[in-house]
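Colleague: Hi! I'm new to this one. Could you walk me through it?

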Amino acid sequence: MRDVTVDSSVKLRSQRFAGDDDARLSTLLRVAQAAPSVALAARGGYGMTRLLDRLPWKCLADSVAHGTRWVGYSDITALQLGLLAHAGASTWAGPMATGDFGAEAIDEVTRDCFTEAMSGVLEAVGFRTESGFDGLQARGTLWGGNLAVLVSMLGTPHFPRVKGGILFAEDVNEHPYRVERHLLQLRQAGVLEAQRAVLLGAFTEWKPSPLDRGYTFKSAVSHLRSTCKVPILTGLPFGHVPTKVCLPVGRRVTLLVEGRDALVGW
């Protein structure tokens, strides 16, 4: 058993935030200075982009250098991409305390993958993708996260300039046409074409519209593939879903596809 400290800030409330901006900044600084083995976010939501211009990037990067693994997803994407942009620091896209480990039934795959990642024994994750990518091999920096958050950072000093990377994305409550719009913006900004591959995770909890008339997530992906030369794979087990893997944001990884089996190793 390892000692676990629950920061007092988890009980703070200010409108829809876990405390006002100053309180949340103080929390991140306090955790960074303590440099724990794992800094696990309680939940996502919205609010991290409010803090980006004020975050102590050097202090945060120093904590990573001292062994702290910052873990989370969703809104935490902003912190992870900012650390990559400002310091080249690696973090972990993975589960969070409330939604994943606070659930009545904890997903065993999520739990075991997290445990192995934090103990340093996890070296790869695999998933089933669509046919058509057999033999694909790509190596580059793994980066990405929540798609809406990622796109909101485009053009800011906090957006990583990754070339030859492997980009992954997920989202929740975003209709496929909005997902398509976000990914098209990345393509039109030159981001997608600069990658070696794009991995799409779960895009969940959106509601079909009578206006769709057969337009689905598959339609959106098909259109994107027709406009982008970079391989776009689906099926990555990551996002706002019970079962999720852990992904090392900012690490060099190798993507291998055999048949429909994809493997991301580091």
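Modeller: Happy to! Let's begin with Val-4, which sits in the segment before helix 1 (21-34); helices here are DSSP runs of H or I with at least four residues, strands are runs of E with at least two, and both are numbered from the N terminus. This is a predicted model, where local features need pLDDT of at least 70, side-chain atom pairs count only at pLDDT 80 or more, and totals for chains, interfaces and linings use all residues. Residues are numbered from 1 along each chain as its sequence is written, and side-chain values use heavy atoms, with hydrogens and water left out.

Colleague: Is Val-4 buried or exposed?

Modeller: Val-4 is exposed, at a relative accessible area of 71%. Buried means under 20%, exposed over 50%, and partly exposed in between, with a 1.4 Å probe and protein chains only.

Colleague: What about Ala-18, where is that found?

Modeller: Ala-18 is also in the segment before helix 1, and it counts as partly exposed at 39% relative accessibility.

Colleague: And which residues does Ala-18 touch?

Modeller: Leaving out residues up to four places away in sequence, Ala-18 touches Ser-9, Leu-12 and Arg-24. Contact means heavy atoms within 4.5 Å.

Colleague: Switching topic: why is helix 4 described as largely enclosed?

Modeller: Because 8 of the 11 residues of helix 4 (residues 77-87) are buried, the rest of the structure largely encloses it. Among those buried residues are Thr-77, Gln-80 and Leu-84. After helix 4 comes Gly-88, with a positive phi near 65°.

Colleague: Now salt bridges. How many are there?

Modeller: The count comes to 9, where a salt bridge is a side-chain nitrogen of Lys or Arg within 4 Å of a carboxyl oxygen of Asp or Glu. One of them joins the side chains of Asp-21 and Arg-50, at 3.4 Å from N to O. That pair links distant parts of the chain, with Asp-21 in helix 1 and Arg-50 in helix 2 (residues 48-51), 29 residues apart.

Colleague: Which residue does Asp-22 pair with?

Modeller: Asp-22 forms a salt bridge with Arg-54, and their closest N and O atoms are 2.6 Å apart. Here Asp-22 in helix 1 is linked to Arg-54 in the loop between helix 2 and helix 3 (57-65), 32 residues apart. Asp-22 is partly exposed at 47%, and Arg-54 is partly exposed at 46%.

Colleague: What does Arg-128 form a salt bridge with?

Modeller: Arg-128 pairs with Asp-261, the closest N and O atoms being 3.2 Å apart. Arg-128 lies in strand 4 (residues 124-128) and Asp-261 in strand 11 (residues 261-265), 133 residues apart.
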